[in-house]
Each structure stands twice: as C-alpha cells, then as structure tokens.
Amino acid sequence: VDPSSSSSSSGGAPRGQRGPRWQDLTHGEAQRLQEMYMRKRMLDRKIHWMKMQDLPNPQKEAKMTMRRKKQEEEQVRREAQEAEAGGGQMYPPPFLDQHPQSRRLGRMEDEARREELESRFRS
C-alpha cells in the first residue's frame, strides 16, 4: 500500500497536514447548539406574533400625524398662493441669524413637534 495515497485514516486531510479538516461536536456542544437554535426559533415566533398584533406605536403615530399635517399645510399654502396671484409680502421678514425658512430650523421644529406628539400618544 502506498503511504502517499489519499485514502488515509486522517479524515480526508490533504498531504502534509495532520488530523481531520473537520471535527464533530461533542455532546455538550451539540446540546448547547440545539438550545440556542430553539431559543432563536422561539424569539422569531414571538417577534412575528408581535408584528401581527396591532399594538400602539407612538413613534409611528406621531410620524404619520406630522406627515398628514404637512400635506394639509402645503395644500392650504398652495391655495393661498393661488388666491393672492402675485400680491406678495408687504414687509420683508425680520433679520435673524438664520433665515426663517432654513432647513435646520425646520428640522428642529419638526423634531420638537414629533416628540410632543409621541408624548401625547404615550399618555
């Protein structure tokens, strides 16, 4: 028998390496793996069940309420512009460090409104 043949008892290890390329789990490791898998399946089922329930979600409610209000305000603003048809503002806006229509101020106001709505929906 040729000692360099690939049918050695080393578990299919390539030449020059000692021992198998893979190793079965011990009984304790297999038990632990099975317990972890069962826990994962249970958590997945629980998450799926909770998603299927219609539980109150203050963040989502606040976001949807703000979106609806913005759409209504935008529609009212468009109607007002159409009604004015070029009348314009009589006085310029007051001088501020930041322009009143700046994105930063808008974001801060929106976040404050959203947090206020979330708080109201929680209580």
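Read along the sequence, the protein chain runs α-α-α, with 3 helices and 0 strands. Helices (H or I, at least four residues) and strands (E, at least two) are DSSP runs numbered from the N terminus. This is a predicted model, in which local features need pLDDT of at least 70 and side-chain atom pairs count only at pLDDT 80 or more, while totals for chains, interfaces and linings use all residues. Residues are numbered from 1 along each chain as its sequence is written, and side-chain values use heavy atoms, leaving out hydrogens and water.

Of the 123 residues in the protein chain, 7% are buried (under 20% relative accessible area; exposed is over 50%, partly exposed in between; 1.4 Å probe, protein chains only). Among contacts (heavy atoms within 4.5 Å) with a separation of 6 or more, 55% join residues 24 or more positions apart.

Leu55 sits in the loop between α1 (27-52) and α2 (58-84). Because its relative accessibility is 48%, Leu55 counts as partly exposed.

The largest pocket has a volume of about 400 Å³. Of its 11 lining residues, Lys70, Glu73, Glu74, Arg77 and Glu109 are the closest to its centre. Both α2 and α3 (103-122) supply at least two residues of this lining. A pocket is an open set of points on a 1 Å grid over the protein atoms alone, where a 1.4 Å probe fits, with protein on both sides within 12 Å along at least five of seven lines; lining residues have an atom within 4 Å of a point. Points are joined across faces, edges and corners, and the volume is the space filled by probe spheres set on them.
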